[in-house]
Amino acid sequence: TNITIPSSVTTIGDSAFYLCTSLTSITIPSSVTSVGNNLFYCCTSLSSITIPNSVTSIGSSAFYGCTNLSSITIPNSVASIGNNVFRNCSNLTNITLFDGLSSIGPYTFGDCTAMVSITIPSSVTSIGSNAFYNCSSLENVTLNENLVTIKSYAFYGCSQLETISIPSTVRVLGQDAFNNCSQLREITFEGPPPAFSITNLQNYN
């Protein structure tokens, strides 16, 4: 099923396409300013979507369980994305984030097991708890200056991650941020090491 939303629409309510398992693609017009909570929750056939530059926020669990979605671009108009937005999008491999985004919420990319690389734009100051939980194929993470906080369990279970560089602007590294990163062999601090708990490096080789 393909859906084109008319340009007269400015708001799409929460859960509008909840469990629409036959939905394969959708076109959102530039008149829409936000993507609501649970909007495409478990739309397991959804493979194509374009988020227009008019959108400023993406609600919690908006694309949760969209297991056929392989790529997504978050435009620079988006300032905030909620919790669990792309959680369990198990085929999501290509993610493009632009400057404008201020934070990445809890479990935003949790269980995105096909994700191989991610670049966090310089506008992001905080990475939420469990943001990349169990991204078991994640090999390359680029963190930019201006990042201040990496919260607890942010990269828990990223078992293919071998090296990571922590920008000099980071002041807080949350508990168990790299727990169960079994292949992680090198962490480089570009500035003074931030405040962190001894358990941050649990199961770090």
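Mentor: Strands (E, at least two residues) are DSSP runs, numbered from the N terminus. Also, this is a predicted model, where local features need pLDDT of at least 70, side-chain atom pairs count only at pLDDT 80 or more, and totals for chains, interfaces and linings use all residues. Residues are numbered from 1 along each chain as its sequence is written, and side-chain values use heavy atoms, with hydrogens and water left out.

Trainee: OK, how many bridges join E6 to E8?

Mentor: There are 4, and the two strands run parallel. E6 covers residues 71–74, and E8 covers 94–97. Thr73 sits opposite Thr96 in E8.

Trainee: Switching topic: where is Asn84, and why does Asn84 count as buried?

Mentor: Asn84 is in the loop between E7 (80–81) and E8. It counts as buried because its relative accessibility is 18%.

Trainee: And what does Asn84 touch?

Mentor: Leaving out residues up to four places away in sequence, Asn84 touches Ser61, Tyr64, Pro106, Tyr107 and Thr108. Contact here means heavy atoms within 4.5 Å.

Trainee: What's the strand order in the sheet with E1?

Mentor: E1-E2-E4, an open sheet of 3 strands with parallel pairing. E1 (2–4) and E4 (48–50) are at the edges with a single partner strand each, so one side of each has no neighbour in the sheet. E2 (residues 25–27) is joined to E4 by 3 bridges, and Ser25 has Ser48 as its bridge partner.

Trainee: Which strands make up the sheet with E7?

Mentor: That one is open too, in the order E3-E5-E7, with parallel pairing. E5 (residues 57–58) and E7 pair over 2 bridges, with Ile58 partnered to Ile81.

Trainee: Last one: which residues touch the most other members of the largest nonpolar core?

Mentor: Of its 60 residues, Phe40, Ile58, Phe63, Phe132, Phe155 and Phe178 do. Such a core is a set of buried Ala, Val, Leu, Ile, Met, Phe, Trp, Tyr and Cys residues joined through side-chain atoms within 4.5 Å. Among the strands that each supply at least two residues of this core are E6 and E8.

Note on methods: Buried means under 20% relative accessible area, exposed over 50%, partly exposed in between (1.4 Å probe, protein chains only). Two strands pair if DSSP finds at least two bridges between them.
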